[in-house]
Amino acid sequence: METIINTHNLTKQYGTEKVVDNVNMNIEKGGIYGFLGLNGAGKTTTLRMLLGLAKPTRGSFSIFGRDFKSNKKYILPRIGSLIEVPGFYGNLTAVENLKINKKLLGVQSNHVVEETLENVGLLDARNKLVKNYSLGMKQRLGIARAILHNPELLILDEPTNGLDPGGIKEVRKMIKELAEKRKITILMSSHILSEVQQLATTIGIIHKGKLLEEITFDELRKKNKRYVEVVVSDDGRATMLLERKLNIKDYDVHENRSIRVYSDLEKIEHINKLFNDNDILVSKLKLSEDNLEDYFLKLTGGDRID
């Protein structure tokens with residue numbers, strides 16, 4: 001698989017604080033790369049460096065197989081981006097705004113503005129003044145501007161940030177379609193686990209400036225164990241019975257008397273009967289598996305992401 005972005009010890013330091021700390025990122029062509037981390041983890045700074053908007057303190061990176069520093073004129077025209085809040089002329093329509101950007105980008109097609117607005121679901125609102133757009137519509141218009149020149153790589157910084165549930169759903173659908181139908185490689189930062197889970201084919205987890213892991217969702221599913229979760233009235237007696245009566249020793253005890261059993265999953269009915277026969281109340285019993293939040297918490301030492 002062709003590598004689109006490769007960073008080598010990419011670092012950004014302000015004074016004594018390393019905002020991005022020796023990040024080694026590899027993004028392959030195709031699909032959606034979810035750049036996941038808490039607010040302040042270093043996501044936006046990393047993306048700004050990849051676009052030449054911030055200068056690395058040290059380290060290097062290549063895009064499309066070429067060193068960025070010496071090949072900006074070759075690389076940047078092949079990238080579309082939306083970093084932070086998109087800015088437009090509020091007293092102009094969407095069509096008028098995009099026509100200005102079309103000219104600046106040197107796009108020749110006569111139909112590209114209408115086609116792009118249709119791609120992002122704004123064709124019916126094309127003649128509406130942008131100052132009367134909702135936040136979600138402005139976000140979609142920002143993505144329209146980013147794909148106006150048909151880029152090979154799209155870099156989006158928190159594309160669903162601040163949107164209502166309806167807007168989030170619309171933007172999510174659009175991002176999927178851009179990747180699947182137009183075959184654009186997408187690098188998308190987010191602090192929202194559910195968005196990354198629903199969109200990304202690969203994730204990179206960044207925490208306090210350090211890239212902790214890159215992993216595909218297929219690999220993530222393989223790593224996360226299936227388990228029986230049982231919530232009981234007495235976890236001490238329950239674990240003792242598991243070991244003595246069923247010879248089950250691969251388990252963890254969590255908050256609120258929750259026990260996760262990782263072996264002998266076929267014994268779920270026997271576990272329930274064992275506890276009932278010994279007057280241990282069972283308030284929850286289900287077959288489950290670790291989700292992305294569990295995995296994130298393990299990597300970050302318990303720092304929670306919303």
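Modeller: Contact here means heavy atoms within 4.5 Å. This is a predicted model, in which local features need pLDDT of at least 70 and side-chain atom pairs count only at pLDDT 80 or more, while totals for chains, interfaces and linings use all residues. Residues are numbered from 1 along each chain as its sequence is written, and side-chain values use heavy atoms, with hydrogens and water left out.

Arg-172 is buried, with a relative accessible area of 17%; buried means under 20%, exposed over 50%, and partly exposed in between, for a 1.4 Å probe and protein chains only. Leaving aside residues up to four places away in sequence, Arg-172 touches Glu-195, Gln-198 and Leu-199.

From there we can turn to a sheet, and to strand β10 in particular. The sheet is open and has six strands in the order β7-β8-β9-β4-β10-β11, with mixed pairing; two strands pair if DSSP finds at least two bridges between them. At its edges stand β7 (79-82) and β11, each with a single partner strand, so one side of each is left without a neighbour in the sheet. On average, and with direction ignored, neighbouring strands of this sheet are turned by 15 degrees against each other.

Within this sheet, strand β10 (residues 202-207) has five of its six residues buried, so it is largely enclosed by the rest of the structure. One of its partners is strand β4 (residues 32-36), with which β10 pairs in the parallel sense over four bridges, and there Tyr-33 has Thr-202 in β10 as its bridge partner. Strand β11 (residues 210-216) runs antiparallel to β10 and is joined to it by six bridges, with Ile-205 standing opposite Glu-213 in β11. These two strands, β10 and β11, form a hairpin with two residues between them, and Lys-208 in the turn has a positive phi of about 50 degrees. Elsewhere in the sheet, strand β8 (residues 153-157) and strand β9 (residues 185-190) pair in the parallel sense over five bridges, and the bridge partner of Leu-154 is Ile-186 in β9.

A further sheet can be read in the same way. Its four strands form an open sheet in the order β13-β14-β12-β15, and the pairing is antiparallel. Here β13 (251-254) and β15 (282-289) are the edge strands, each with a single partner strand, so one side of each is left without a neighbour in the sheet. From one strand to the next, the twist averages 20 degrees. Strand β12 (residues 226-232) pairs with strand β14 (residues 258-261) in the antiparallel sense over four bridges, and Val-230 stands opposite Ile-259 in β14. Helix α9 (residues 235-246) packs on this sheet and touches β12, β13 and β14, its direction making about 20 degrees with that of β14; axes are lines fitted to C-alpha atoms, for helices over the stretch in contact, and angles run from 0 to 180 degrees between N-to-C directions.

Helix α9 also meets helix α10 (residues 268-277), their axes coming within 11 Å and crossing at roughly 120 degrees. The two helices, α9 and α10, are therefore oblique to each other, given that angles under 35 degrees count as roughly parallel, over 145 as roughly antiparallel, 65 to 115 as roughly perpendicular and the rest as oblique. In this contact Ala-238, Leu-241, Leu-242, Lys-245 and Leu-246 in α9 meet His-270, Ile-271, Leu-274 and Phe-275 in α10.

A last pair of helices gives a contrast in angle. Helix α3 (residues 94-105) and helix α5 (residues 135-147) pack at about 25 degrees, with their axes 10 Å apart, and that makes α3 roughly parallel to α5. In this contact, Ala-94, Leu-98, Asn-101 and Leu-105 in α3 meet Leu-141, Ala-144 and Arg-145 in α5. Ser-134, in the loop between α4 (112-119) and α5, is partly exposed, with a relative accessible area of 38%. Although Ser-134 and Gly-167 are 33 residues apart in sequence, they are 9.3 Å apart in space, C-alpha to C-alpha.
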